[in-house]
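Please look at the sequence and the model below, and keep both at hand while reading.

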Amino acid sequence: MVSNIRKLFNAEDVLYSGIDEQQKDYLMERRDLAIDFIFSLVLIEVLKQIPLHPVIDSLVHEVITLAFKHFKYKEGYLGPNTGNMHIVADLYAEVSFVKKKFMAELKELRHKEQNPYVVQSVISLIMGMKFFRIKMYPVEDFEASLQFMQECAHYFLEVKDKDIKHALAGLFVEILVPVAAAVKNEVNVPCLRNFVESLYDTTLELSSRKKHSLALYPLVTCLLCVSQKQFFLNRWHIFLNNCLSNLKNKDPKMARVALESLYRLLWVYMIRIKCESNTATQSRLTTIIGTLFPKGSRGVVPRDMPLNIFVKIIQFIAQERLDFAMKEIIFDLLCVGKAAKAFSLNPERMNIGLRAFLVIADSLQQKDGEPPMPVTGAIHPSGNTLRVKKTYLSKTLTEEEAKMIGEQHLIVN
């Protein structure tokens, strides 16, 4: 099939006359990458059909071996097609997310003498597994997937190289975020519980070090998000305080990571766990909101972040504590009930307040139920991740629904 695709591109060979050799090499390379791009997309779609249209194992093995070759590290390449190479490597990785092959390749690399080339080969291999997904059902498949994760966890705890450790942390996050969004009673399955407990203390300790914090904050967050309720409630407050303190970090990347950790943790706390006692929940929320929206401030913390994250945080709180969200957050952001002298125009805070009010009111009108967990991430080159644009109702807020959110005075007879 590759040869047939290649014939389609051979017509451009006549265009290469008069071009210097180096430029011609780059163009030929780009042509080959285009062929690989199309071929890998076809393979992805064909392999999806194997359960319905089985093929002999030797052919599948050949495809997997071919795909693995394409996302292995290439030493010393810094040409103009580097970006395209990464895209094609991602696609071939999506073709070949096979646990046994991965572990065999990793074992082989671990036995080699450590040098920059081997380290980069290991990282490339790890990044190629980011398309692996844990099967939630049946429980046998769930346990088998977690067994693979546990083997990777052992390597994470043993490996000394910082870059490999960070690559493994990134792999865990890619795999665990979809699990965290869907997990329910599965948190009680021993294999998942053991995975979380084996990694959590070490990961939390490493995340406090500056050289690890950017890479390991998301992993600590994911481990908490897939943990049992009591484990979460007993442990999250320490990491929550770390996140809140880093919201004011001078490094905008660290502040962003802390903010994203916070809003995922808050989703688990409000939506999955359904909070704690009224007093404990009130105290926890007051601390969080006081940090994000300081009293008397014209802005929010951290600055220069996407406003939709703040809106989602208010939405999550409103799901279980609607009165708190309206009176303690939105009213304050909009300066509702403040004396004329105390009123000031704070566009960013008001924008967040108005958008949060719209989202909450619309959700009540449409009876949307619980908001989904945030699953931010890069769009896969094959388009596996699709962005769904939210549309809102245009009909008037009803009197009954206005009363539910404490805004009945907005209804004009």
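Cys335 counts as buried, with a relative accessibility of 6%, where buried means under 20% relative accessible area, exposed means over 50%, and partly exposed covers what lies in between, all found with a 1.4 Å probe and with protein chains only. Cys152 is buried too, at a relative accessible area of 1%. If a disulfide is taken to be a pair of cysteine sulfur atoms within 2.5 Å, the count for this model comes to zero disulfides.

## How the model is to be read

This is a predicted model, in which local features need pLDDT of at least 70 and side-chain atom pairs count only at pLDDT 80 or more, while totals for chains, interfaces and linings use all residues. Residues are numbered from 1 along each chain as its sequence is written, and side-chain values use heavy atoms, with hydrogens and water left out.

## The overall picture

The protein has 17 helices and zero strands; helices (H or I, at least four residues) and strands (E, at least two) are DSSP runs, and they are numbered from the N terminus. Of the 413 residues of the protein, 45% count as buried. The protein exposes about 22300 Å², and carbon and sulfur atoms supply 55% of that area, the accessible areas being computed by the Shrake-Rupley method with a 1.4 Å probe, where for residues only the protein chains shown count as cover.

A contact means heavy atoms within 4.5 Å. Among the contacts in the protein with a separation of 6 or more, 72% are between residues 24 or more positions apart.

## Salt bridges

A salt bridge is a side-chain nitrogen of Lys or Arg within 4 Å of a carboxyl oxygen of Asp or Glu, and by this rule the model has 11 salt bridges. One of them joins the side chains of Arg209 and Glu205, with 3.0 Å from N to O; Arg209 is partly exposed at 37% relative accessibility, and Glu205 is partly exposed at 39%. Another salt bridge is formed by the side chains of Glu276 and Arg284, at 3.8 Å from N to O, and here Glu276 is partly exposed at 26%, while Arg284 is partly exposed at 23%.

The side chains of Lys295 and Asp332 also meet in a salt bridge, at 3.5 Å from N to O. This pair links distant parts of the chain, 37 residues apart, with Lys295 in the loop between helix 13 (278-292) and helix 14 (307-320) and Asp332 in helix 15 (residues 322-333). Lys295 is exposed at 63% relative accessibility, whereas Asp332 is buried at 15%.

## A buried serine in a loop

Which residues does Ser227 touch, not counting residues up to four places away in sequence? Ser227 touches Val187, Val196, Phe232 and Arg272 when those residues are left out of the count. Ser227 is found in the loop between helix 10 (210-225) and helix 11 (229-246), and it is buried, with a relative accessible area of 2%.

## Backbone details in the loops

Which peptide bonds to a proline are described as cis? A cis peptide bond joins Tyr137 and Pro138, with omega at about -10 degrees, and Pro138 is found in the loop between helix 6 (116-128) and helix 7 (139-158). The peptide bond from Val301 to Pro302 is cis as well, with omega near 0 degrees, and Pro302 has its place in the loop between helix 13 and helix 14.

Lys367 has a positive phi of about 55 degrees although Lys367 is not a glycine. Lys367 lies in the loop between helix 16 and helix 17 (399-404), and this lysine is exposed, with a relative accessible area of 69%.
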